[in-house]
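Subject: Structure handover and notes

Dear colleague,

Please read them beside the coordinates.

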Amino acid sequence: MSRCSFRLGKWILAFFIIFIALIPLKSHAAEAFEIRDYDVKVSVGEDNAYEVVEMINVEFSEPRHGIYRTIPLSYDGRRAKITQIGVAGWDMKTSTDSRNLVIRIGSEDEYVSGSQTYAISYRYALPPDRSEEYDEFYFNLIGNEWPVSIDRVSFSVDMPKPFDTGKVSVYSGAYGSESADGVDFDAATDGVSGKTLERLSPGESVTIRIELEQGYFKESLISKLTDFFFEYAYVVLGALLLAGGFLTWRKYGRDERLFVAPEFYPPENMTPAEVGYIIDSTMDNKDVTALLIYWASKGYIAIEEIDKRNVRFHRLKEADDSFKPFEKIMFTSLFDEHGTDGKVETEDLKYQFADTIRAVKSEISDGLTKYAEKPLYTRKSKNLGRLFKALAFLPLYLVVARYLNSVFGINPTILVSSLVPAMALFIPIALFIEGFKRRYVISKGSILVRILFLLAIVVLGLIVGFALYTIVKAYGVNSTMVPFIIGAASSIGIYALGAAMRQKTEYGKKVMEKILGLKQFIETAEKPKLEMLFDENPSYFYDVLSYAVVLGVTKKWAKKFDDMLTEPPSWYYGYSGGSFRTMVFIGAMNRNLNTASASMISTKSSGSGFSGGGGFSGGGAGGGGGGSW
């Protein structure tokens, strides 16, 4: 067996062991009590909410703090709202796990023994059933999750209106039993009462089902509106925002078709840094460092390769009026603040130049957007883009609110408490879309952006993984996962439409056409045309080189001139590649630019530290079980 196969076998075995360990066991552990009497009184409201009182008399065989009661939170794909919980005369704490409400009764500081009685009260409400033929009351009076025997059960169910007493069924026994032999009950037009005729074994239940005429239960208008809001608002709002966003994008956000023709030179009076920003709407490090080649080709600096880890820049001329403000900031800082005698090495810039780079990036992007005399994008499209990016949060937020409402019941604080988990899901989505849009966020973005992006993906994976695990374990794929998928898909679609809303002005279209034309020419130019341009301008290759860098076509540009150029430019020292080849030279230049970029942006770490018309025992809502602690 190969080592690879052996390792794979170990991973499969480990996964199998973990999987088996996670399978919940249904066996009932020995308990320290038995239930002598279990009396259940249910008062059913016209709104299909039940006021439940359970009197449980238990006999402890050894001292315990008390008992706990578990009540399932979902039935038939509907989420129950359990509120107004109380246990008269006892300390009580409530919590929820993935399936149940858990009521823990007793005190951590005290033990009880012998016979004890617990009176548990709560309000149990279900959303409307899915049947259009009838309503029903289908409820587990005794759940099938008690791990102990129950000697006697008595019950009474009070109904809010008369009903057909011939449509009452009571079942007892193990889960799935359709037997009514173990129960004696009486049905009147106002309710049902009864008792068990034999002892219930662990895991056995008592269930009542009453088939009622359609419309027996009535919901209040407020309840209907609230249920509709929490149940469907995310779908309606998501669909409206998606439709609105698409129509808005078509009218105000998308560009007309660009007509791209080959361009031999860069756009007039535009530096490579500006071209780099316009082509992908982001300010990358390479857009700034390309200025070094740009200045060198214009005779302002020379570049000396000292070794593979250090590059020296020589100032040949002072910055003049042809320099744009951001150029002057970088040029002055480079040689006057960090250099000596008109020379500066990349080693001198480590941990010293990052603030300057940030200032230059900000000056370039602001100059092309906020303060541009000729804007690249229409103000309306940018404002609408920001609006739809913000609105994209709503569908996901409403899904989270819906989920929390289904767990904890209607509560005004749900709308506030939903904000944090919704933002924890939304922010990674927004970062991912922005990163995908800009394309360079992982490999070319700043260190901080890369760290934040990777952390966001990790957090997103943890949150979604935990959420999906909880959802699948508690409800199954078809009940709760679907809203999360719909909500997330809506938010992603709306945000993506907002991010795409950047309609260019007439000026912006012309500039983009020229930039794309230059890129097209670099990629497709034939040798005769290049030879003609080279004859007209011997420095043509180097004049375009810095623009090829920001357009990501440096190697293609160099390859076309590999047999035209025979020596390095006068502004570059230290070439050690033997006979001059442009491809070798470009490799060295790329290395030097990467070295410069790494030094310029480096910073010191701060450090830290039911609907089928039948029934069976255990098949209704409610029920559950309990135990001792």
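This is a predicted model: local features need pLDDT of at least 70, side-chain atom pairs count only at pLDDT 80 or more; totals for chains, interfaces and linings use all residues.

Residues are numbered from 1 along each chain as its sequence is written, and side-chain values use heavy atoms, with hydrogens and water left out.

Helices (H or I, at least four residues) and strands (E, at least two) are DSSP runs numbered from the N terminus, and two strands pair if DSSP finds at least two bridges between them. Four strands make up an open sheet of mixed pairing, in the order E18-E17-E16-E19. Strand E18 (343–345) and strand E19 (572–573) are at its edges with a single partner strand each, so one side of each has no neighbour in the sheet. Strand E16 (residues 301–307) and E19 run parallel and are joined by 2 bridges, with Ile303 opposite Tyr572 in E19.

Contact here means heavy atoms within 4.5 Å, and axes are lines fitted to C-alpha atoms, for helices over the stretch in contact, with angles from 0 to 180 degrees between N-to-C directions. Helix H4 (residues 285–297) lies across E16 and strand E17 (310–315), at about 120° to E16, whereas H5 lies across E16, E17 and E18, at about 100° to E17. Buried means under 20% relative accessible area, exposed over 50% and partly exposed in between, with a 1.4 Å probe and protein chains only; in H5, the buried residues include Phe326, Met330, Phe331 and Phe335.

A nonpolar core is a set of buried Ala, Val, Leu, Ile, Met, Phe, Trp, Tyr and Cys residues joined through side-chain atoms within 4.5 Å. The largest has 69 residues, of which Trp295, Ile301, Trp557 and Trp571 touch the most other members. Helix H16 (residues 540–551) gives the most to this core, namely 10 residues. A second, separate core of 51 residues includes Phe33, Tyr38, Phe155 and Phe217. Leaving aside residues up to four places away in sequence, Ile301 touches, among others, Trp295, Phe331, Phe335 and Trp571.

Finally, Asn48, in the loop between strand E1 (33–44) and strand E2 (49–64), has a positive phi of about 65° although it is not a glycine, and is buried at a relative accessible area of 8%. Gln84, in strand E6 (residues 81–87), also is not a glycine and has a positive phi of about 50°, but Gln84 is exposed at 56%.

Best regards
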